[in-house]
Amino acid sequence: MRRSLKLAAAVLSGSLGIASLAACGAKSTDNTTAGAGGGSGLKVGMAYDIGGRGDQSFNDSAARGLDQAKSELGATINEAEAKSGESEADKEQRLKSLVTGGFNPVIAVGFIYQDAVNKVAKDNPNVKFAIIDSSSPDQPSNVTSLTFSEEQGSFLAGVAAANKSKTKHVGFIGGVQSELIKKFEAGYVAGAKSVTPDIQVEVTYLSTPPDNTGFADPGKGKQAAQGQLDKGADVIYSAAGSSGSGAIEAVATATGSKWAIGVDSDQATQPALAKYKDHILTSMVKNVNTAVFSFIKSAKDGNVQGGVKNFDLKDGGVSLATTGGYIDDIKAKIDAATQQITSGATKVPTAPQG
């Protein structure tokens with residue numbers, strides 16, 4: 001699923017952009033690939049966060065939106081991904097290479113691209129850019145921020161966790177201790193405490209910026225989850241990219257009745273996690289695919305608007321997965337919490353409280 005672009009492919013395609021992507025460590029599914037209607041002239045570039053396509057989580061959700069654009073809009077696509085420990089210059093070069101290759105729009109997946117997007121978009125005002133999970137007051141008008149109310153979906157995950165916990169002790173694992181992931185933590189803790197005010201919540205972060213490896217280290221995720229299990233947590237929610245697969249493995253192989261809660265994608269349906277699906281209570285689904293496809297279609301139709309486009313619980317931007325039927329028995333409680341949030345009666349915090 002992840003392989004370096006081969007020089008021969010770049011030569012055969014005659015694309016300077018693809019050759020440049022190979023030079024900066026980019027990875028692609030099929031180099032540059034076109035949909036059935038590839039003659040549409042729509043060329044979309046996507047720069048993934050660490051972990052890339054195949055992370056079973058955040059990046060894969062974005063990839064589904066890209067694949068939809070390929071099949072339904074006839075888009076030609078090219079994909080590249082960030083690497084652990086890379087510099088800002090590497091991120092800028094990745095975006096520049098997509099622009100040089102004629103890709104427009106260009107989508108950056110993850111807040112780690114904010115500075116690079118600001119710079120490259122400013123230098124290329126005729127190219128439309130989108131960045132997922134980040135916004136900046138300094139970003140140029142040709143940049144659209146695609147953001148989500150993660151705290152709202154995480155609140156529902158907390159409600160589910162507290163209702164299913166037999167020990168009144170649950171856990172949260174964050175990939176990187178950033179403002180974004182703190183939104184997940186804040187919502188989860190608030191949701192759990194709305195059900196059981198004295199519930200104990202373990203919180204573990206795998207790395208701290210500028211170290212973003214916490215999003216791509218299943219071993220660390222597994223170790224963190226084991227630590228929380230050892231302390232008595234029996235439901236663990238991970239917002240940690242591909243590191244979350246390690247946490248799910250730890251929960252699934254633990255003795256007794258333990259539950260994992262997935263994130264971003266419906267992780268119980270991911271092939272790589274199939275053997276653990278009976279231990280995944282639910283997933284807080286962030287419909288990045290919907291946002292990505294919507295943005296690409298607006299670019300094709302010529303009506304892209306810059307600024308921030310937020311997707312919340314009310315408009316389906318976030319939700320809880322029901323695969324396996326494990327939360328069917330608490331559906332009324334989940335529905336009630338949902339109604340309280342969408343009506344405005346419950347204000348979900350976006351930062352940890354105390």
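Residues are numbered from 1 along each chain as its sequence is written, and side-chain values use heavy atoms, without hydrogens or water. Because the model is predicted, local features need pLDDT of at least 70 and side-chain atom pairs count only at pLDDT 80 or more, whereas totals for chains, interfaces and linings use all residues.

**Exercise 1.** Describe the largest pocket and its lining.

*Step 1.* A pocket is an open set of points on a 1 Å grid over the protein atoms alone where a 1.4 Å probe fits, with protein on both sides within 12 Å along at least five of seven lines; lining residues have an atom within 4 Å of a point.

*Step 2.* At least two lining residues come from each of α4 (88-100), β6 (143-148) and α7 (179-195); α7 gives the largest share, three residues. Helices (H or I, at least four residues) and strands (E, at least two) are DSSP runs, numbered from the N terminus.

*Step 3.* By class, the lining holds seven nonpolar, eight polar and nine charged residues.

**Exercise 2.** Determine which elements and residue classes line the second largest pocket.

*Step 1.* The volume of the second largest pocket is about 160 Å³.

*Step 2.* Its lining includes T144, L146, S294 and K309.

*Step 3.* β6, α10 (288-301) and β12 (307-311) each contribute at least two residues, with the largest share, four, from α10.

*Step 4.* Five nonpolar, five polar and one charged residues make up this lining.

How values were computed
Grid points are joined across faces, edges and corners, and a volume is the space filled by probe spheres set on the points. Ala, Val, Leu, Ile, Met, Phe, Trp, Tyr, Cys and Pro count as nonpolar, Asp, Glu, Lys and Arg as charged, and the others, Gly among them, as polar.
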